[in-house]
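Please read it alongside the model shown here.

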Amino acid sequence: MFVTSAYAQTAPAAPETPAAPGAAPAGDPHAAPAGEVHTETGVAHGGEHGGGTFPPFDATYFPSQILWLVITFGLFYLLMKKVIVPRVGGILEHRHDRIAQDLDEASRLKSEADAAVETYERELAAARSKAHTIAETAREAAKGKAAADRAAIETELAQKLSVAETRIGEIKTQAFAQVGQIAEETASAIIDQLIGAKASGDDIKAAVAAAKTEA
Amino acid sequence: MANDPIHQFQISKIVPIEIGGIDFSFTNASLFMVATVACAAGFLYFSTSQRGLIPGRAQSVAEMSYEFIAGMLREGAGSHGMKFFPLVFSLFMFVLTANLLGMFPYFFTVTSQIIVTFALALLVIGTVLVYGFYKHGLHFLQLFVPSGIPGLLIPLVVAIEVISFLSRPISLSVRLFANMLAGHITLKVFAGFVASLGTMGALGIGGAVLPLIMTVALTGLEFLVAFLQAYVFAVLTCMYLNDAIHPGGH
């Protein structure tokens with residue numbers, strides 16, 4: 001119902017369409033070219049005035065549409081082919097190259113960094129072993145020196161000890177030697193006091209010697 | 001007038017031109033062809049003029065459409081098909097822009113004219129024929145003789161293949177034309193219901209809500225169809241070009 005009422009409005013509206021350009025007299029330009037064009041177009045056009053022809057099937061404007069399509073699409077195609085496609089293709093390729101290049105650069109830097117780390121670790125290990133060696137040497141040297149010092153001191157002490165022992169022996173011998181004499185003197189004094197007689201020196205000496213051996 | 005769903009396809013002259021008795025007038029259809037080309041070319045030209053290594057939004061869209069078509073063509077017609085890239089890209093951008101421009105109220109939809117879609121389809125089939133015969137000579141006719149068919153069936157299969165080949169420009173053009181036409185008519189009819197019901201008083205305004213919702217939903221659907229039909233046109237172009245490049249490869 002609605003569509004039919006809409007169709008009813010087509011007829012009064014028809015002159016309005018060509019009136020749009022303003023310069024062309026309404027209705028007439030539609031008919032004029034149609035009359036000159038070959039019959040097929042004319043027939044189709046006649047139908048349109050009856051209000052029946054479906055606009056997309058109206059052959060009146062087919063040549064015009066084809067011509068303008070060829071012009072516009074042709075220009076568009078040329079612009080695409082000559083400017084846009086190379087340009088966008090170039091942009092994409094450039095970006096692709098750039099990314100590949102950056103990746104290469106990154107991997108190069110990474111390998112450099114790896115090499116640097118390796119060198120650093122090697123040097124660190126070398127330094128560490130060198131330090132170890134130095135410490136070892138120093139410890140060995142210190143140990144050697146300490147041992148030498150101790151040996152020297154021990155030798156000196158032993159020497160002093162033997163000197164002292166010799167001295168002690170000498171004093172002891174001397175003392176022992178004097179012991180006999182003192183004993184003899186003491187014995188003669190004791191005898192003198194006890195019996196008032198003088199014992200011969202030789203007897204006393206023999207007695208002391210005997211006592212000494214007993215002791 | 002305003003409610004006539006067919007009126008939007010009416011062609012009107014803007015600059016009458018007549019050469020050799022044939023009407024080549026610059027019409028509203030021509031105007032929108034120019035607008036389509038200007039929009040598509042202008043967008044692609046200015047969005048990529050920076051040639052940014054890191055694309056902006058507009059450049060991203062241009063690059064995406066480029067890569068979308070490039071991927072489609074490479075998949076459909078192999079790497080040899082890339083020589084047709086400018087053609088497929090132009091067709092896709094032209095049809096897509098024309099469809100999308102047609103979504104504006106009061107705008108003319110270039111692709112709702114059968115002659116336009118038929119001319120574009122003929123361009124595709126013409127390219128297939130010319131390149132096929134140029135590249136493969138008479139071997140191109142192998143296209144109609146699929147391998148591995150028993151001898152008895154060959155005439156029948158060849159007949160079917162020939163008919164299917166001949167129907168290609170028709171199906172290619174009618175698909176795009178009919179989708180755009182039907183969608184726009186439906187949209188207009190439902191929008192017309194809103195207006196005519198709205199004049200019927202309070203009850204009518206209440207009743208107009210349903211077609212209004214329908215119109216909004218259809219508008220969304222039409223945007224999808226606008227893209228989808230451009231995509232389908234481009235995909236089929238790739239498939240047909242594949243026949244021209246590899247005629248034996250059925």
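In this predicted model, 47 residues of chain A are in contact with 54 residues of chain B. On the side of chain A that touches chain B, helix 6 of chain A gives the largest share, 25 residues. Chain A has 7 helices and 0 strands, whereas chain B has 6 helices and 4 strands.

**Interface, chain A side**

- Five helices of chain A each supply at least two residues to the side that touches chain B: helix 1 (2-8), helix 2 (10-13), helix 3 (16-19), helix 4 (28-36) and helix 6 (62-195).
- Sorted by class, this side of chain A holds 35 nonpolar, 7 polar and 5 charged residues.

**Chain A**

- The order of elements from the N terminus is α-α-α-α-α-α-α.
- Of the 215 residues of chain A, 10% count as buried.
- Among contacts in chain A with a separation of 6 or more, 18% join residues 24 or more positions apart.

**Helix 6 of chain A**

- A bend of about 45° occurs in helix 6 of chain A at Met80(A).
- The number of buried residues in helix 6 of chain A is 13 of 134, so this helix lies largely in the open.
- Gly196(A) follows helix 6 of chain A and has a positive phi, near 70°.

**Chain B**

- Along the sequence, the elements of chain B follow the pattern β-β-β-β-α-α-α-α-α-α.
- Of the 250 residues of chain B, 38% count as buried.
- Residues 24 or more positions apart make up 65% of the contacts in chain B with a separation of 6 or more.

**Glu63(B)**

- Glu63(B) sits in helix 2 (residues 57-77) of chain B.
- Glu63(B) has 19 C-beta neighbours inside 10 Å and therefore counts as partly exposed; a residue counts as buried at 20 or more.
- Leaving out residues up to four places away in sequence, Glu63(B) touches Val88(A), Ile91(A) and Leu92(A) in chain A, and Pro55(B) in chain B.
- Leu44(B) is 19 residues from Glu63(B) along the chain, and the C-alpha atoms of the two are separated by 9.0 Å.

**Nonpolar core**

- The largest nonpolar core has 62 residues, of which Ile69(B), Val88(B), Phe92(B), Val95(B) and Ala234(B) touch the most other members.
- Two or more residues of this core come from each of these elements: helix 6 of chain A, and helix 1 (28-47), helix 2, helix 3 (85-102), helix 4 (114-136), helix 5 (154-198) and helix 6 (201-245) of chain B.
- Helix 3 of chain B contributes the most to this core, 11 residues.
- Apart from neighbours within four places in sequence, Val95(B) is in contact with Thr111(B), Leu176(B), Gln229(B), Ala230(B) and Phe233(B).
- As background, nonpolar side chains tend to be buried together in soluble globular proteins.

Notes: Residues are numbered from 1 along each chain as its sequence is written. Chains are lettered from A and ligands numbered from 1 in the order in which they are written. This is a predicted model: local features need pLDDT of at least 70, side-chain atom pairs count only at pLDDT 80 or more; totals for chains, interfaces and linings use all residues. Two residues are in contact if their C-beta atoms, placed from the backbone, lie within 7 Å. Ala, Val, Leu, Ile, Met, Phe, Trp, Tyr, Cys and Pro count as nonpolar, Asp, Glu, Lys and Arg as charged, and the others, Gly among them, as polar. A residue is buried if 20 or more other C-beta atoms lie within 10 Å of its own, exposed if 12 or fewer, and partly exposed in between; C-beta atoms are placed from the backbone. The bend at a residue is the angle between axes fitted to the seven residues ending there and the seven starting there. A nonpolar core is a set of buried Ala, Val, Leu, Ile, Met, Phe, Trp, Tyr and Cys residues joined through C-beta atoms within 7 Å.
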